[in-house]
Amino acid sequence: MDYGFSKEQEMLKKAARQFAETKVAPRVLEIDDKGDFPFDLVRQMGQMGLIGLVNSKQYGGSGMGHLSRMVVIEEMARVYPSLGFFFQAGNLLMYALENFGTEEQKKRYIPDLCKGAKVSSFAVTEQSGGSDPSAMMTTASRNGAGYVVNGRKSYITNADVADVLGFVAKSEGGFSALFVEKGTPGYEVTRREPRPGFRSIPVNELSFTDCHVSQANLIGQEGRGMAAALPTISAIGRTGAAGVALGATQGAYEGALKFCKERVLYGKPISDLQALQFMLVDMNTDIEAARWISYRPAVLMDQGKSVKDLGVDIARAKYLAVDVALRNCLKAQQAMGAYGQSPEYRVEMYLRDMLELLTAGGTQEIMKVVIGRAITN
Amino acid sequence: MDTVVCIKQVPHPDHFSQITLDPVTKAIRREGVPLVMNPVDRHAIEAALQLRDKFPGKVTVLTMGPPQSREALEEALAMGADEGVLLCDRAFAGADAYATALTIAAAIRKFCPFSLILCGCETADSGTRMVGPMLAEFLDVPYATNVRAMKVMDKGICLVEADMEGGCMKVELGLPALITVNRAVNEPRIPDVMGIIGVADKLLSTYGANDLGLPAEKLGLTGSPTRVAGVWEFKKDRRSEVLKGNPKNASSDAVARLREWGGL
Amino acid sequence: MGSNGHHGETWIYAEQRRGKLARVSLELLSKGAELSGKSGSGLVCVLVGSSVEHLAPELVSHGAGKVYVIDDPRLEHYQNQAYAAVIADLVREHQPEIFLLGATAIGEDLAPCIAAKVGTGLTAHCIDLRMEGCNGASMLHQTVPGWGGGKRVDIVCPELRPQMATVKPGVFVVPQAKQDRRGQIVRVSPRLDNRMFRARTVEITEEAESDLPIEEAEVVVAAGWGVNALGSMDLVRELAEVLEGAVAGTRPLLDKGWITSDCMIGQSGKVIGPNLLVSLGASGAMHFSTGFERAKFVLAVDQNPLAPIFQSADVGIVGDLREVLPPLILELRKLRPA
């Protein structure tokens, strides 16, 4: 299918695939088994310019845009979904600073994040509910020329390995978006959540205990934190989840297809059996639909359309892509029989990883709330 | 130190079985077969790029082929080559290694001053290993083929190690020279985003027969000393007896067949 | 008499290294004898080096009617353009009809240079050569594998002479040596100048090769990617040991480091013609199977009944290598004399 990629996007896709197949694929089992964050791969991707695709050249990015970013996430996730997931979380603060930060903040953090020399995270969710951000209890109270932050955040991707953490807290005027550097007194990553999927990407609980944060760490205006956080989650977090889903489902589908063409039962390859062939057809068709629904908002953002106007489209993309991915990864497992559970074939890893996408960037149900509100108004 | 890297776009080696023969016209059909840069050519490009780090100069990448070959040049530019040259003309079609080398030599003589020419040691499709040495002869420069390690010294000398059966040959070449490299020589870089974006700003020139100043009878099929007399599908004739049964029975049957054959 | 007043001779480059003739040069003598026999003209060898004249009688006993010996201290090591220049001089002087070289590292480095100097056509890594009449004159038809081996291409050099071709070792057989054969040994003084040594071979070093060169082994056990499931090459080596054969493999195993490059079979590896070839866990893609086409008997084991390898095999076993190899090795041990 011709997606209308530019020549640069075609070359980017090829280069990303080459990287994924030669540098990542041989180590997937080892990395996923150990569960350690793949710092070296992140650095290599940074050096290749793959992390700063949505950031401007001025700050070390390339400005290639959202569609390019999605293509790269897809290529990484196709081989190792966890690596795709790194982008879903790791690009959040980069986008927030680029679009809402001061010149000084951008110069100070974006270049290193683009290079993969530093890693970032973005914390909104709390025990009070990620789906209900207005119930958040973390506070940032004015203290002289800065803030004192108190509270806890949960299910925050990358927090443990992040050199800098963006977050939202209740403050004067509503909510404020701020960031804090690792090692700041009073900021602590307290726990790593045991997860079945994305095993090498940490998801953490963290706490702020009388943590002093400077005024210079405020992103955008005080009290206008959601104006920065919500578009960020939409443009980066939800699209990222869609991208990971697309890549993973492609990988699972290719694995199942290859298996079915080689596996012989009753004297023929099982891809000849109609039940399995139709299963593969459904997977194939679903992936195409998910791709188009996910690519379009990215293309529109690249053309300058405002994220706010694309909120519903992006929610729909995340919802459908993740739904397709879960369905397909399950189908792939079934098509492969007992081999579907063998770590060597990796399909079971894809399914485990897709479970995480049920909530990443917002739950599937929240996506439906966003869409439902829009259609019933 | 200016270098020229000669590359070729070939059908993707994994898809060779999709190439068919038209039973009537005997023409090779390769529609739908994806094309890629000849794999070992990447190593030649990488060698040129690494040389440029040590001895600043221009890396020109050149190919002779149909218009689509441009993609291979763009990939080389994305890796970091400075300029591309596409030799494209119907008159070049059907050239064998000799005519190809003659044509490329004419282009290099006219448009690409060089200290070193780098090529991949063989192409994945024809694998003749001929164009490199012939090109060196037509340009009257020394050459070494199948190089697995190379080092350019300051005094315009290049030291290479060429792979041979059971060993290697150490050769010293005075520049200008031509070297063909094999996969062992380096690990080619993957194009990065900056390189990809930079392609649009780089010069990619196309030249045809008229630009080279070669007489028409030296080009393409007409200029080729060799030509194809016939092509056919190749079928093997083996017994292809597949033994059935559990591994133990199949094994003893297999050994029985070997005993019957009597060749052991 | 050959075409266009050429003397019709068939020439063969007698490659030598360290005072030993390359086996492929002897192999070419058998085909050369056939080709020159048809034209009724001489079979000639060209031998280049330093103090190599003692190798000439071996060429004669294997069928060469004449041997040109180009002997000079400066030519002790193979020097590509110098060798090509002196050989091209000789070719221009005597105008052979056909000139064959082995498709070895040296042969493939040398032949194109000679062809370019002389101004004639060259065909690389031929797997067959035959004379065929074409438009009244007899021409050398040079057959090469095409597109990974699924096709055969016949190439001719209709007008220019000599018709040059390189042939991979193992394609033809070494002819019987007959000590009573007589032949002319002609010493040639080479015309050398410094420009011929702008690429100067400084040293040729030997590197450890694995035991028996696979192209000389009577039995070869070739491992493909399926062997990966065994976890190591141990069972493969055990099978080879029982059969007293050499171990070879495909490119994926070379990339994995389980075999060395001199053991790789296939289009970009070696072409071999052993008595028996056992293929283990190789699916049989064309570029691999062309490497052992000339094997007298092929036994293949693979887990996929649809693998193309079975079309390239005489006898095949479908099964998991882990389950097939132990009983197979056991049965073969019974064959061996105690």
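A polar contact is a pair of N or O atoms within 3.5 Å; within protein, one must be able to donate a hydrogen and the other to accept it, and residues adjacent in sequence count only if both atoms are side-chain atoms. This is a predicted model, in which local features need pLDDT of at least 70, side-chain atom pairs count only at pLDDT 80 or more, and totals for chains, interfaces and linings use all residues. Residues are numbered from 1 along each chain as its sequence is written, and side-chain values use heavy atoms, without hydrogens and water.

**View 1. Polar links between chain B and chain C.** Chains B and C share 34 residue pairs in polar contact, both at pLDDT 80 or more. Nine salt bridges (a side-chain nitrogen of Lys or Arg within 4 Å of a carboxyl oxygen of Asp or Glu) also count between chain B and chain C. One pairs Glu233(B) with Lys151(C), with the closest N and O atoms 3.5 Å apart.

**View 2. The contact between chain B and chain C.** Chain B gives 69 residues and chain C gives 81 residues (contact means heavy atoms within 4.5 Å).

View 3. S15(B) and strand S18 (residues 315-318) of chain C run parallel, joined by three bridges. Strands are DSSP runs of E, at least two residues; helices are runs of H or I, at least four, and both are numbered from the N terminus. Leu243(B) stands opposite Ile317(C) in S18(C).

**View 4. Helix H9 of chain A.** The 29 residues of H9 (residues 274-302) should span 42 Å at 1.5 Å a residue, and the end C-alpha atoms are 42 Å apart, which agrees. The expected span is 1.5 Å times one less than the number of residues. Just after H9(A), Gly304(A) takes a positive phi of about 105°.

Notes:
Chains are lettered from A and ligands numbered from 1 in the order in which they are written. Two strands pair if DSSP finds at least two bridges between them.
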